[in-house]
Amino acid sequence: MSSQYAQGTLIWVKHEEEVWIQAEIITATEKEIIVKTIEDPNARIVLGPNEPIFLRTTDTYTSEGLSVLDDLTQLTHLHEPAVLSSLQNRFDIDKIYTFTGPILIAVNPFKVIPGIYDEEVLKSFISTKPSTKPHVFNTSNASYRGICDRHKSQTVLISGESGAGKTETTKFVMKFLALAGSSDGEVTDVERQVLESNPLLEAFGNARTLRNDNSSRFGKFIELQLGSPDFTSKFC
Ligand SMILES: Nc1ncnc2c1ncn2[C@@H]1O[C@H](COP(=O)(O)OP(=O)(O)OP(=O)(O)O)[C@@H](O)[C@H]1O
């Protein structure tokens with residue numbers, strides 16, 4: 001902590017309910033930093049010498065309003081408040097997927113977002129062109145391209161706390177691979193049966209918990225085999 005911060009420096013400060021709120025430095029000395037918040041510009045908050053300062057920029061805003069970055073690595077400051085606020089801003093406009101480099105973050109919307117998993121959307125991701133759009137089908141396509149282009153097995157690791165949406169996400173990945181991996185662009189009976197095994201497994205292994213009405217009470221390792229080593233499909 002020092003007086004290195006100029007008046008007007010934009011920062012994030014801790015908040016009991018909101019976790020982080022936007023603030024602006026009024027004065028900074030070796031002993032304390034006095035800030036005002038966006039919420040209540042007339043109030044003053046005094047930060048002690050050991051409190052961390054997280055810098056904030058306005059570069060996520062354009063003249064038209066909020067611009068929400070598809071990839072968190074493009075943030076000027078990559079720290080907890082910037083990440084959380086970015087994900088929140090995207091979530092508020094139903095953009096539940098965000099990249100952080102090659103990793104896809106999915107925030108469970110707990111509601112149906114119209115259109116985002118439609119078959120036309122799925123098909124639009126089955127292409128040889130890499131897409132920069134954060135979406136579970138894009139990540140599925142990246143693993144599919146690994147099979148087509150490098151003829152190597154691929155792994156998709158889906159993790160998160162209970163209720164985060166792992167089971168649903170797994171189903172979207174399987175749905176994508178079933179269609180992309182079919183030889184003629186149509187899901188066959190075998191592929192349909194693989195997809196429809198989910199409700200059966202869930203009937204035996206799922207239960208309601210405090211966090212999730214349909215919680216998987218078992219770990220899952222799913223192996224999908226897409227034909228022989230010289231496998232080709234319409235979409236490879
Ligand atoms: N992409 C999504 N769109 C809409 N709703 C979703 C989505 N993902 C998850 N949900 C909702 O959240 C609920 C919990 O998701 P899910 O069962 O996939 O969580 P999980 O991470 O597998 O949990 P657990 O570890 O307890 O099994 C789902 O039953 C569904 O209602």
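Start with the shell around the ligand, sorted by class: 4 nonpolar, 10 polar and 2 charged residues. Here Ala, Val, Leu, Ile, Met, Phe, Trp, Tyr, Cys and Pro count as nonpolar, Asp, Glu, Lys and Arg as charged, and the others, Gly among them, as polar. Before going on, note that this is a predicted model: local features need pLDDT of at least 70, side-chain atom pairs count only at pLDDT 80 or more, and totals for chains, interfaces and linings use all residues. Residue numbers run from 1 along each chain as its sequence is written.

Now select the shell itself. It holds 16 residues, and the closest are Gly165, Thr167, Glu168, Ser215 and Ser216.

Next, colour by secondary structure. Helices (H or I, at least four residues) and strands (E, at least two) are DSSP runs, numbered from the N terminus. Which elements each supply at least two residues of the shell? They are α4 (166-180) and β11 (215-216). The largest share, 3 residues, comes from α4.

Select the stretch that the UniProt record lists as "binding site", in an unreviewed entry: Gly160, Glu161, Ser162, Gly163, Ala164, Gly165, Lys166 and Thr167. UniProt positions are given in the numbering used here, feature names are shortened, and annotations may be inferred rather than shown by experiment.

Zoom in on Gly160. It sits in the loop between α3 (136-150) and α4. Leaving aside neighbours within four places in sequence, Gly160 contacts Gly165 and Lys166. Contact means that the two C-beta atoms, placed from the backbone, lie within 7 Å.

Move to Gly163, also in the loop between α3 and α4. Gly163 counts as partly exposed because it has 16 C-beta neighbours inside 10 Å. Residues up to four places away in sequence aside, Gly163 touches Asn108, Arg211 and Asn212.

Finally, zoom out to the chain. Look for 5 helices and 11 strands. Along its principal axes, the C-alpha trace spans about 70 × 40 × 30 Å. Buried residues make up 15% of the 236 residues.

Methods:
A residue is near a molecule or strand if its C-beta atom, placed from the backbone, lies within 6 Å of it. A residue is buried if 20 or more other C-beta atoms lie within 10 Å of its own, exposed if 12 or fewer, and partly exposed in between; C-beta atoms are placed from the backbone.
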